[in-house]
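Here is a short report on one protein model. Look at the sequence and the 3D view first, then read on.

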Amino acid sequence: MADRKMKMRTRAQDGGVELQVLITHPMETGLRTDKNTGKKIPPHFIQRITLEHNGKIVATVNTGAGISEDPLIGFRLKDAKQGDKLKVFWSDNMGESATLEGVVDIS
């Protein structure tokens, strides 16, 4: 399993909080060809992203191969406030997954 990093950032927005999550992932479609070998690069992409706010699932996103490498995903949380707990989980078509926990920091 490769080391997949995630970063989380929050900021105040329109009476709520905007959360941005950057996921390090190749997001291969399975349509590209390796220039050195001439063989197809197998598909490898995130299939699902789940967001929890204070222990409650508030969003589940089903994704596919059409998302760019190292995707930046944004969420708006209307009822979030300073110090609330956030948790983001993703899983991909190759069985890899990762979780990142953080808190709302809009100071």
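What percentage of the 107 residues in the protein is buried? Buried residues make up 36% of them. Buried means under 20% relative accessible area, exposed means over 50%, and partly exposed lies in between (1.4 Å probe, protein chains only).

This is a predicted model, in which local features need pLDDT of at least 70, side-chain atom pairs count only at pLDDT 80 or more, and totals for chains, interfaces and linings use all residues. Residues are numbered from 1 along each chain as its sequence is written, and side-chain values use heavy atoms, with hydrogens and water left out.

## Overall layout

The protein has zero helices and seven strands. Helices (H or I, at least four residues) and strands (E, at least two) are DSSP runs, numbered from the N terminus. Along the sequence the pattern reads β-β-β-β-β-β-β. The C-alpha trace spans about 50 × 20 × 20 Å along its principal axes.

Now take the contacts, meaning heavy atoms within 4.5 Å. Among contacts between residues at least 6 apart in sequence, 53% join residues at least 24 apart.

## Strands and sheet

Two strands pair if DSSP finds at least two bridges between them. Strand S1 (residues 6-13) and S2 run antiparallel, joined by eight bridges. One of the partners in S2 is Val21, which is bridged to Met8. S1 and S2 form a hairpin with two residues between them. In the turn, Asp14 has a positive phi of about 45 degrees.

An open sheet is built from four strands in the order S4-S3-S6-S7, with antiparallel pairing. Strand S4 (56-62) and S7 stand at the edges. Each has a single partner strand, so one side of each is left without a neighbour in the sheet. On average, neighbouring strands of this sheet are turned by 15 degrees against each other, direction ignored. Axes here are lines fitted to C-alpha atoms, for helices over the stretch in contact, and angles run from 0 to 180 degrees between N-to-C directions.

Within this sheet, S6 and S7 are joined by seven bridges and run antiparallel. Lys87 has Glu101 in S7 as its bridge partner. In a regular strand the side chains alternate between the two faces of the sheet.

## The nonpolar core

A nonpolar core is a set of buried Ala, Val, Leu, Ile, Met, Phe, Trp, Tyr and Cys residues joined through side-chain atoms within 4.5 Å. The largest one has 21 residues. Met6 and Ile49 have the most contacts inside it. At least two core residues come from each of S2 (16-23), S3 (46-53), S5 (72-77), S6 (85-92) and S7 (97-103). S2 gives the most, with four residues.

What does Met6 touch, not counting residues up to four places away in sequence? Its contacts include Val21, Leu22, Ile23, Val88 and Trp90. Ala98, Thr99 and Leu100 are also among them.

## Salt bridges

Side chains of opposite charge can pair when their charged atoms come close. A salt bridge is a side-chain nitrogen of Lys or Arg within 4 Å of a carboxyl oxygen of Asp or Glu. The whole structure holds four salt bridges. The table lists some of them.

| Lys or Arg | Asp or Glu | N to O distance |
|---|---|---|
| Arg4 | Glu96 | 2.8 Å |
| Arg11 | Glu18 | 2.5 Å |
| Lys81 | Asp84 | 3.8 Å |

Arg4 lies in the segment before S1, and Glu96 lies in the loop between S6 and S7. The pair therefore ties together parts that are 92 residues apart in sequence. Glu96 counts as buried because its relative accessibility is 12%.

Arg11 is partly exposed at 43% relative accessibility, whereas Glu18 is buried at 11%. Lys81 counts as exposed, at 52%.

## Two loop residues

Is Asp84 buried or exposed? Asp84 is buried, because its relative accessibility is 6%. Asp84 is found in the loop between S5 and S6.

Leu31 is found in the loop between S2 and S3. At 67% relative accessibility, Leu31 is exposed. Leu31 and Pro43 are 12 residues apart in sequence, and their C-alpha atoms are 7.6 Å apart in space.
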